[in-house]
Amino acid sequence: MEKFTTHTGLVVPLDIANVDTDQIIPKQFLQKTERVGFGKHLFHDSRYLDHSGNEPNPEFILNKPEYKEASILLARENFGCGSSREHAPWALEEYGFKVVIAPSFADIFYGNCINIGLLPIKLSEDEIEQLFNQADGAKLNLTVDLANNTVSYGEVSFTFELGQFHKYCLEEGVDSVGWTLNKLDTIKTFEANMPAWQ
Amino acid sequence: MTTANTSSLTMYEKLWQSHLVEEKAGETPLLYVDRHLIHEVTSPQAFANLRFHNRPVRHPERTIATMDHNISTRSIEIDAAGEGAANQLRALEKNCKDFGIELFGMGHKNQGIAHVMGPELGLTLPGTIIVCGDSHTATHGAFGALAFGIGTSEVEHVFATQTLRQTKAKTMKIEVKGHVGKGISAKDIILAIIGKTGSAGATGYVVEYCGEAIEALSMEERMTVCNMSIEFGAKAGLVAPDQTTFDYVEGKEYAPKGEVFQQAVSDWKKLKSDDDAVFDSVITLEAKNIKAQVTWGTNPGQVISVDGCVPSPDNFSDPIEKESCISALAYMDLTAGTKITDISVNKVFIGSCTNSRIEDLRAAANVVKDYTAKGQSVQSTVDAIIVPGSYRVKAQAESEGLDKIFSKAGFEWRLPGCSMCLGMNDDVLGEGDRCASTSNRNFEGRQGRGSRTHLVSPEMAAAAAITGHFVDLNS
């Protein structure tokens with residue numbers, strides 16, 4: 001996992017609540033055994049007018065030329081609800097997003113983002129509203145500073161919360177499996193004390 | 001403000017404590033995972049990473065694999081559902097062989113949807129932590145197991161360590177008081193709950209369902225309730241294990257036997273929340289007020305009683321709900337004020353990890369029998385399929401002659417799998433199709449691009465197939 005320190009990028013506002021992971025990456029694109037090839041299918045049904053994905057929908061915000069370089073997705077409440085498919089954060093990451101900002105996320109999606117190094121940031125409804133007001137016309141560039149837990153533009157700065165260990169893993173690009181494997185003795189002690197039926 | 005007795009714990013807190021391997025300052029707590037269910041879609045990348053790091057599966061005997069998500073329901077041939085599906089199914093076969101994991105592959109007598117197969121084999125036990133790369137893992141909470149869906153990175157973590165890092169959730173108690181009326185199913189109970197909380201009402205919580213109406217449910221009905229916990233954002237759903245639970249588990253193929261089983265039951269009896277345990281949130285419903293439910297929108301919280309009408313955006317004061325209603329009505333091609341019983345469907349799907357167990361099929365068959373006795377069968381304008389949740393369910397249903405009842409009435413009797421719930425195989429709705437579905441998600445495009453899903457009980461789906469529209473079976 002790549003280390004995350006700071007990121008400055010263009011914000012694309014997706015003004016829809018309850019965006020589920022079926023919308024982020026529809027099921028027909030999950031039939032892969034590799035971890036690549038999902039970015040081009042991100043938001044497929046909204047992004048393309050046809051089934052095969054050759055005709056971009058000019059109305060969909062990601063297709064507007066001014067947002068082409070966006071790397072920060074601004075979203076509404078309950079983003080990433082539904083299916084636990086990690087393919088959704090994979091698709092967002094492969095498309096070029098480094099950060100997703102929303103007032104709330106579905107739990108599994110939030111954890112999946114952390115695990116792959118895509119930073120999910122929760123801000124208050126008021127702060128989100130302010131960002132939506134600024135983001136119109138591709139005019140909003142935000143700087144995310146993970147060390148200081150801040151999101152800022154111009155003179156404005158918002159603080160976000162992130163679990164201590166989550167932050168550490170993102171900052172250091174920790175191999176979380178390797179980290180836990182270092183605790184094998186503790187796990188074995190736990191196993192030795194489990195009841196027979198377990 | 002209630003004063004909490006610090007020694008009083010909720011069931012979730014007991015499950016948490018009994019699985020806490022390590023809690024260390026600066027690290028997310030580490031929990032032990034007892035049982036890991038895997039399938040072809042969310043596991044291949046996890047196996048690939050194990051290979052990359054040259055790591056084994058630590059406890060292959062604690063993982064069980066099944067083929068369910070993208071298999072054909074017309075043929076047991078691995079190639080029957082297309083090249084992409086076949087690649088994933090073959091990868092699962094190879095991965096299970098290489099890493100020593102038991103697999104229930106195509107046509108195996110134990111094959112089925114992970115959340116149908118686990119409970120019926122006794123792989124699902126009270127007092128355990130069960131995970132699967134699938135959000136409907138919450139189903140197993142019906143046994144008093146802490147069960148939740150995980151992403152592929154977490155699948156890899158469980159493979160390599162048999163543990164997971166988890167942030168502690170808040171606790172919510174949902175009490176359904178009294179008894180439901182005649183003909184009201186578990187599906188109606190959970191849809192009514194989600195209608196009350198909204199589709200994100202339990203985000204950040206583990207929910208415990210309780211009250212007389214929940215205690216009265218069979219294990220399969222409890223599974224239907226817990227299955228949809230994720231549909232209002234809950235991390236997991238739980239029902240306290242009781243005699244109904246122990247009787248169900250006893251004698252199942254993988255369940256503990258003899259003295260070990262007796263010891264287990266004695267431990268499981270201690271799992272229920274302490275009487276004075278304090279929950280972060282409490283919601284109460286009166287069972288007698290719950291009617292048969294039908295979703296009208298594009299998330300499971302957009303649901304109403306069958307005797308109601310499609311709501312208008314004006315019914316919602318919250319601007320986001322109002323906006324969601326406007327876009328849902330447009331997508332669903334519905335007009336506010338339309339009676340639910342006037343909505344016609346052209347497709348019916350009875351199946352999925354929510355409603356594909358034997359009791360679901362019996363309930364649907366009973367409705368069908370009532371209509372066929374009057375000389376009615378599936379409307380000529382409707383395509384209706386029945387997809388049992390597992391080969392065991394299929395065999396049981398066939399031994400009871402349910403397949404004949406369905407086939408004679410014009411339903412298609414299919415092979416087990418996830419099927420049209422998510423349409424990863426060829427069981428997909430076309431643009432503009434309107435489906436009465438016993439599955440769990442009515443998201444835009446879920447069952448096929450441009451398709452329209454109404455979530456209902458098996459009884460309602462059966463009635464809709466025959467009449468061509470939703471029916472208030474109790475009127």
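This is a predicted model: local features need pLDDT of at least 70, side-chain atom pairs count only at pLDDT 80 or more; totals for chains, interfaces and linings use all residues.
Mentor: Two residues are in contact if their C-beta atoms, placed from the backbone, lie within 7 Å.

Trainee: What share of the contacts in chain A with a separation of 6 or more comes from residues 24 or more positions apart?

Mentor: In chain A, residues 24 or more positions apart account for 67% of the contacts with a separation of 6 or more. The chain has 8 helices and 7 strands, and along its principal axes its C-alpha trace spans about 60 × 45 × 25 Å.

Trainee: Which residues is A:Ile101 in contact with, leaving aside its neighbours within four places in sequence?

Mentor: They are A:Ile72, A:Leu74, A:Ala75, A:Ile121, A:Leu123, A:Leu131 and A:Val151. A:Ile101 also belongs to the largest nonpolar core, a set of 198 residues in which A:Val100, A:Ile101 and B:Val348 touch the most other members.

Trainee: What makes a residue count as buried, and how many of the residues of chain A count as such?

Mentor: A residue is buried if 20 or more other C-beta atoms lie within 10 Å of its own; by that test 42% of the 198 residues of chain A count as buried.

Trainee: Which residues are buried in helix 11 of chain B, and why are they said to line one face?

Mentor: The buried residues of helix 11 of chain B are B:Glu321, B:Ser324, B:Cys325, B:Ala328, B:Leu329 and B:Met332. Seen down the axis of the helix, these buried residues fall within an arc of 130°, and therefore they line one face. An α-helix has 3.6 residues a turn, so residues three or four places apart point the same way. The face turned away from the buried side of helix 11 of chain B carries the exposed residues B:Pro319 and B:Ala330, while strand 19 (452–455) of chain B is included in what covers the buried residues.

Trainee: How does the reach of helix 11 of chain B compare with what is expected?

Mentor: Helix 11 of chain B has 14 residues, and its reach from first C-alpha to last is 20 Å, close to the 20 Å expected at 1.5 Å a residue. The helix is followed by B:Asp333, whose phi is positive, near 55°.

Trainee: How many residues of chain B are in contact with chain A, and which element gives the largest share?

Mentor: There are 59 residues of chain B in contact with 44 residues of chain A. Helix 5 of chain B gives the largest share of the chain B side, 7 residues, and by class that side has 17 nonpolar, 29 polar and 13 charged residues.

Conventions. Residues are numbered from 1 along each chain as its sequence is written. Chains are lettered from A and ligands numbered from 1 in the order in which they are written. Helices (H or I, at least four residues) and strands (E, at least two) are DSSP runs, numbered from the N terminus. Ala, Val, Leu, Ile, Met, Phe, Trp, Tyr, Cys and Pro count as nonpolar, Asp, Glu, Lys and Arg as charged, and the others, Gly among them, as polar. A nonpolar core is a set of buried Ala, Val, Leu, Ile, Met, Phe, Trp, Tyr and Cys residues joined through C-beta atoms within 7 Å. A residue is buried if 20 or more other C-beta atoms lie within 10 Å of its own, exposed if 12 or fewer, and partly exposed in between; C-beta atoms are placed from the backbone. The expected span of a helix is 1.5 Å times one less than its number of residues. The arc is that of the directions from the helix axis to the C-beta atoms.
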